[in-house]
Amino acid sequence: MKNIAIIGGGASGLVCAIECAKAGLDVTLFEQNDKCGKKILVSGNGKCNITNKFLHIEDFEGEDKRVVETILQHFGFKDQQEYFASLGLLLQVKEDGKCYPYSMEAKSVLDILLAAAAQYGAKIKTGVKVAKIEKGFFLTLENGERTKFDRVVIAAGSKAASHLGGNESGYAMAEYFGHTINKPYPSLVQLLSTSKYPKMMSGVKIDAEITLLVNGVKEQHMRGDVLFTDYGLSGLAVLDLSQKASEALLHSYAVDVQVNLLPGWNQTHLASHIAAVAKNNPSYTIETVLHTLLPLKVVRALLDFLDIDRASRQMDMKLVKRIVFRLQRWSFAISDTKGFRYAEVSGGGVRTNEIDPYTFESKKQKGLYFVGEVLDVVGRRGGYNFAFAWGSGYLCAQAIIGK
Ligand SMILES: Cc1cc2nc3c(=O)[nH]c(=O)nc-3n(C[C@H](O)[C@H](O)[C@H](O)COP(=O)(O)OP(=O)(O)OC[C@H]3O[C@@H](n4cnc5c(N)ncnc54)[C@H](O)[C@@H]3O)c2cc1C
C-alpha cells in the first residue's frame with residue numbers, strides 16, 4: 001500500500017486526502033494550525049463561495065495555465081457540484097454564478113470534508129508543522145520526528161493571510177527539489193495611496209466606477225463598492241482591480257486608480273443639473289449644492305483638491321464643468337498593496353510548467369506533487385480560487401491512485 005504524506009490541511013489538501021484514503025491508500029495529512037481549513041471557515045464572509053458556475057480560463061492568472069485547462073476539462077463546475085453532492089453537501093447556485101453550501105455556512109463545508117476524511121481513514125495530524133522534506137521523502141516535523149513516505153503532496157498554500165497559516169514553506173520545499181518560484185504578490189487586497197484625500201473621505205463607501213491606470217494606460221474597469229480609508233482604497237471593486245494593480249506594482253510601474261463618483265450620470269446632464277440647483281437656490285453654498293449628490297466628506301475633499309472655497313456661492317458654468325470633470329475622473333496614486341497579511345490570495349508561486357499539467361506531479365522529482373495556491377495560479381473573486389484548489393487536489397489524487 002502506498003504511504004502518502006499531504007502537507008497542508010486546507011481546501012486542496014483535504015480533498016486530496018479524502019480521495020486517496022477512499023481508494024485505500026495510507027494517508028497522513030499534516031496541518032500546522034490547531035485545526036484544518038481556517039481559510040475555508042472565514043471564506044465568503046463566513047458563507048464560503050465554494051465554486052462558480054461560470055469557470056473560464058480567463059478568470060485565472062498565471063504564467064502557464066495548462067493546469068487550469070485540465071481542471072476545467074476534467075473537474076469543472078458540474079463535476080465539482082456532483083462531487084460535493086456525493087459527500088452529501090448540496091450547493092446553492094446564485095444568478096451571478098457564485099455557489100455556496102446549501103446551509104450558507106462555511107463551517108458545514110469544513111465539517112463535511114473532515115467527516116469524509118475520517119470516514120475513509122485519513123490520518124489528520126493538526127498542530128504539526130512539517131519543517132523540511134529531504135530526498136527519499138523523509139519528512140522532518142518541527143518536533144524533530146522523522147518519517148519516510150512513498151509519495152508527498154505539497155498543499156501548503158501561499159503567503160496570503162499569514163494569520164490563518166499563510167507562509168512560504170511550500171515554496172522552500174519546492175526549491176529544495178529544484179523548482180523555480182515566480183515571485184509571489186498579494187492579490188484580492190486593499191490598495192495604499194499616497195494621496196491625502198482617501199484619508200479625508202475615510203469611512204465613506206460608495207457605488208462607483210473605477211479604472212486601473214498602469215503607466216497612464218487604462219488596464220481594467222470595474223463598477224461596485226469603493227471604500228475610502230485612512231491608508232487608501234478598499235471595497236469589493238478595489239479588490240477586483242487589485243490583482244492587476246499588484247502585478248503592475250511588482251514591475252515598479254506607475255499605478256493609479258481613477259474613480260467616477262457619480263457613474264450613472266452623463267457629464268452634460270450632470271453639469272446642467274448642478275447649475276440648475278445653484279441657480280434656483282442662490283443662497284446655497286457650493287458645498288450644499290454638491291451635498292445634494294454626494295456625502296459631505298467627499299464634497300469637502302473634492303473642493304479642497306480643486307482649491308475651491310466651499311462657502312462660496314459663485315457657481316458659473318465653467319466652475320461647474322471643472323467640478324463635474326473631476327468628480328467623474330478623480331485619480332489616486334497607488335504606492336503599494338496592503339500586503340500579504342491582508343490579501344485573500346497570492347499570485348506567483350511554483351512555476352506550473354515544471355509540473356505535469358494532468359497529474360500535478362513534479363517534473364523534477366517523481367512522486368512529489370503540488371496542489372492549490374502554492375502553484376503560480378490565482379483566480380478572481382467569486383469562488384475561482386477554491387475551484388482551483390478542489391480541482392487540483394482531486395485530480396492529483398486520481399493520478400496517485402492510478403486512475
Ligand atoms: C479571508 C479570505 C476569504 C476567502 N474567500 C474565498 C471565497 O469565498 N472563495 C474562494 O474561492 N476563495 C476564497 N479565498 C481563497 C481560498 O481560501 C484559497 O484560495 C484556498 O484556501 C487555497 O487552498 P489551499 O489548499 O491551496 O491553501 P490553504 O487553504 O491556505 O491551506 C494550506 C494549509 O497548509 C498549512 N501549512 C502551510 N505550511 C505548512 C507546513 N509546513 N506544515 C503543515 N501545514 C502547513 C496552512 O496552515 C494551511 O492550513 C479566501 C481567502 C481568504 C484569506
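Analyst: A residue counts as near a molecule or strand if its C-beta atom, placed from the backbone, lies within 6 Å of it. The present model is predicted, so that local features need pLDDT of at least 70 and side-chain atom pairs count only at pLDDT 80 or more, while totals for chains, interfaces and linings use all residues. Residues are numbered from 1 along each chain as its sequence is written.

User: Which of the residues around the ligand come nearest?

Analyst: Of the 38 residues around the ligand, the nearest are Gly 8, Gly 10, Gly 157, Gly 165 and Gly 372. Helix H2 (38-46) is among the elements that each supply at least two residues of this shell, and H2 gives the largest share, 5 residues.

User: How do the residues of the shell around the ligand divide by class?

Analyst: The shell has 15 nonpolar, 17 polar and 6 charged residues. Ala, Val, Leu, Ile, Met, Phe, Trp, Tyr, Cys and Pro count as nonpolar, Asp, Glu, Lys and Arg as charged, and the others, Gly among them, as polar.

User: Why are H1 and H5 called roughly parallel to each other?

Analyst: The axes of helix H1 (residues 11-22) and helix H5 (residues 106-119) cross at roughly 30° and come within 8 Å. Angles under 35 degrees count as roughly parallel, over 145 as roughly antiparallel, 65 to 115 as roughly perpendicular and the rest as oblique. H1 and H5 are therefore roughly parallel.

User: Which residues make the contact of H1 with H5?

Analyst: Leu 14, Ala 17, Ile 18 and Ala 21 of H1 meet Leu 113, Ala 116 and Ala 117 of H5; two residues are in contact if their C-beta atoms, placed from the backbone, lie within 7 Å. The residues of this contact comprise 7 nonpolar, no polar and no charged.

Key
Axes fitted to C-alpha atoms, helices over the stretch in contact; angles between N-to-C directions. Helix = DSSP H or I, 4+ residues; strand = E, 2+ residues; numbered from the N terminus.
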